[in-house]
Amino acid sequence: MSNATMWAPKPWLAAVLGAIWQPGGMLYGASVGWAIGYFFAALVVAIVALIYSSQPVVGIVLHVSLMTICAVHAYRRAKQYQSVAQRPWYSKLFGIALLYILMAIPLVLFRTFLYEPFRFPSASMTPSIPRNAHLIASKWGYGNYQAYGVPVLRTAITAPLQRGDLVVFANPIDPSTNYVKRLIGLPGDHIVYRDKILSINGAQIKREEQGEHLDQDELRYFKMFSESIGEKSYSIMIDESVSTAPLKVGNFPHKELCQYDATGFSCKVPLQSYLVLGDNRDNSYDSRYWGFVPAANMVGVVKYVF
């Protein structure tokens with residue numbers, strides 16, 4: 001057989017593919033085992049970068065290191081490759097592209113319909129969710145299916161939402177931004193928050209003092225309480241030096257169902273809507289200021305915080 005029919009990978013192309021998508025660089029050089037190894041290495045790097053997202057230099061260094069190592073490795077493997085007459089299908093560019101798509105589809109579907117990670121940059125949920133914490137939200141059954149901010153499908157909510165849940169939702173003022181708050185009021189509930197005491201449907205919510213919490217940003221202590229709604233208990237933070245009366249309340253749909261005074265507010269939650277509050281009660285931009293969360297805005301319920 002003539003050399004014209006023989007094939008060997010081009011080292012420069014192997015290096016480029018190895019830098020862009022590490023498994024692809026190895027597949028192009030017909031190294032399936034190394035492709036699988038780099039797939040898991042890239043996965044580990046992505047997880048570590050997510051955990052240390054508050055220190056972006058960590059993720060950048062890891063990603064650049066992996067790209068460089070794989071590019072050099074793929075180049076050398078291609079240089080040493082013995083020419084063959086029958087080129088493996090997965091080493092062809094269409095084969096690499098096909099495998100990339102087949103790998104990406106389940107990941108996108110998983111993120112769209114089942115679980116999605118979020119980073120929480122705010123202090124509004126302290127002490128339950130620290131600033132810059134990472135969250136994993138369960139999305140199946142909440143009807144607002146999206147991936148990377150792109151809407152995919154809208155359906156009615158079929159999964160149960162309970163008072164006390166940590167919910168992820170598209171902010172009614174800016175739907176492109178996801179918020180996380182504590183679900184306090186279900187459709188039809190009468191919510192009262194006056195003198196820093198919460199009541200639902202005429203029943204005062206049980207709370208117990210837990211001592212003080214040091215706010216690392218303001219370097220001062222705030223009172224911390226355990227608040228219980230049904231079977232759910234969680235911690236809230238109170239600043240007794242701040243008035244309970246919400247300031248700069250905006251106009252929002254169904255605002256006529258709310259009443260505000262110097263001691264706080266009360267609201268009747270309309271149908272197909274929810275009322276949410278932050279656990280850092282005196283430092284949270286929530287339903288007191290911009291109103292109710294429409295059911296169509298619900299994205300999911302937080303399952304893990306780390």
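Gln146 sits in strand S3, residues 144-147. Helices here are DSSP runs of H or I with at least four residues, strands are runs of E with at least two, and both are numbered from the N terminus. This is a predicted model, in which local features need pLDDT of at least 70 and side-chain atom pairs count only at pLDDT 80 or more, while totals for chains, interfaces and linings use all residues. Residues are numbered from 1 along each chain as its sequence is written, and side-chain values use heavy atoms, with hydrogens and water left out.

Is Gln146 buried or exposed? Gln146 counts as buried, at 10% relative accessibility. Buried means under 20% relative accessible area, exposed means over 50%, and partly exposed is in between, with a 1.4 Å probe and protein chains only. Setting aside neighbours within four places in sequence, Gln146 is in contact with Arg111, Thr112, Glu116, Lys139, Pro151, Val152, Asn178 and Val299. Contact means heavy atoms within 4.5 Å.

Next, the sheets. Seven strands form an open sheet, with antiparallel pairing, in the order S1-S2-S17-S5-S6-S15-S16. Two strands count as paired if DSSP finds at least two bridges between them. Strand S1 (115-120) and strand S16 (293-294) are the edge strands, each pairing on one side only.

Strand S15, residues 273-277, pairs with strand S6, residues 178-185, in the antiparallel sense over three bridges. Within that pair, Gly185 has Leu275 as its bridge partner, and Leu183 stands opposite Val276. S15 also pairs with S16, antiparallel again, over two bridges; there Tyr274 is the bridge partner of Val293.

How many of the five residues of S15 are buried? Five of the five are buried, so S15 is largely enclosed by the rest of the structure. In a regular strand the side chains alternate between the two faces of the sheet. In S15, Ser273, Leu275 and Leu277 point one way, and Tyr274 and Val276 point the other way.

Helix H5, residues 93-114, lies across S1 and strand S2 (133-138), at about 75° to S1. That angle is between N-to-C directions, on a range from 0 to 180 degrees, with axes as lines fitted to C-alpha atoms, for helices over the stretch in contact. H5 is also one of the elements against which the buried residues of H1 pack, together with H2 and H4. Those buried residues of helix H1, residues 11-20, are Pro11, Leu13, Ala14, Ala15, Leu17 and Gly18.

A second open sheet has five strands, in the order S9-S8-S7-S14-S13, with antiparallel pairing. Its edge strands, each pairing on one side only, are strand S9 (203-204) and strand S13 (258-261). Strand S7, residues 190-194, and strand S8, residues 197-200, run antiparallel and are joined by four bridges, with Arg194 opposite Ile197.

The loop between S7 and S8 holds Lys196, whose phi is near 65°, a positive value in a residue other than glycine. Lys196 is buried, at 10% relative accessible area. Asn132, in the loop between S1 and S2, has a positive phi as well, about 70°. Asn132 is partly exposed, with a relative accessible area of 27%. The loop between S1 and S2 also contains Pro127, which is joined to Thr126 by a cis peptide bond with omega of about 10°.

Last, the pockets. On a 1 Å grid over the protein atoms alone, where a 1.4 Å probe fits, a pocket is an open set of points with protein on both sides within 12 Å along at least five of seven lines, and lining residues have an atom within 4 Å of a point.

The largest pocket holds about 970 Å³ of space, a volume being the space filled by probe spheres set on the points, which are joined across faces, edges and corners. It is lined by 27 residues, and nearest its centre lie Ala42, Leu43, Ala46, Leu107 and Tyr148. Which element gives the largest share of that lining? H3 does, with eight residues. By class, the lining of the largest pocket has 23 nonpolar, two polar and two charged residues. Nonpolar covers Ala, Val, Leu, Ile, Met, Phe, Trp, Tyr, Cys and Pro, charged covers Asp, Glu, Lys and Arg, and the others, Gly among them, are polar.

The second largest pocket has a volume of about 280 Å³. Its lining has 18 residues, with Phe120, Pro121, Asn178, Tyr179 and Val180 nearest the centre. S1 and S6 are the elements giving two or more residues to that lining. By class, it has seven nonpolar, eight polar and three charged residues.
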